[in-house]
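Biologist: I'd like to go through this one with you, step by step, please.

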Amino acid sequence: AIWTSEEEGALVEFLLSEFSASGNENPKEATFKAAATLLTERFLNASGAEKTSDACRNKWQSLKSAYNAVLDIKNTSGFMWSDKFGVGIVRKNDDVWDRYV
């Protein structure tokens, strides 16, 4: 499925609201089905494949992995992080990057 930033935002917003309501950060199948329904209703002209519950689960896992990678980099000595510009990796810090990967 092709995801726009608006669709990703709607998915995250929905899942976070479900987490705060249930106290559980591990969404169940019914939660992903509800997210898929919400996206289908809100984004009538969406591009790509239908946003199914499986697509929502896969997108959530992908976003969560990216988020955790950013947290890891932010907490690694030798990196500079800006929420506006992202990670600061310059030639003089190649050794820091090499150690990280």
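Predicted model: local features only at pLDDT ≥ 70, side-chain atom pairs only at ≥ 80, totals over all residues.

**Charged pairs and confidence**

Biologist: What is the relative accessible area of E29?

Modeller: E29 has a relative accessible area of 32%, so E29 counts as partly exposed, where buried means under 20%, exposed over 50% and partly exposed in between (1.4 Å probe, protein chains only). Residues are numbered from 1 along each chain as its sequence is written, and side-chain values use heavy atoms, without hydrogens and water.

Biologist: OK, and which side chain does E29 meet in a salt bridge?

Modeller: E29 meets R57, at 2.0 Å from N to O; a salt bridge is a side-chain nitrogen of Lys or Arg within 4 Å of a carboxyl oxygen of Asp or Glu. Since R57 lies in helix α3 and E29 in helix α2, the pair ties together parts 28 residues apart in sequence (helices are DSSP runs of H or I, at least four residues, and strands of E, at least two, numbered from the N terminus).

Biologist: What else does R57 pair with?

Modeller: R57 also forms a salt bridge with D54, at 2.7 Å, and shared partners join E29, D54 and R57 into one network.

Biologist: New topic: where is confidence lowest?

Modeller: Confidence is lowest in strand β2 (residues 86-88), with a mean of 67, and highest in helix α2 (residues 29-42), at 95, while the protein averages 84.

Methods:
pLDDT = per-residue confidence, 0-100.
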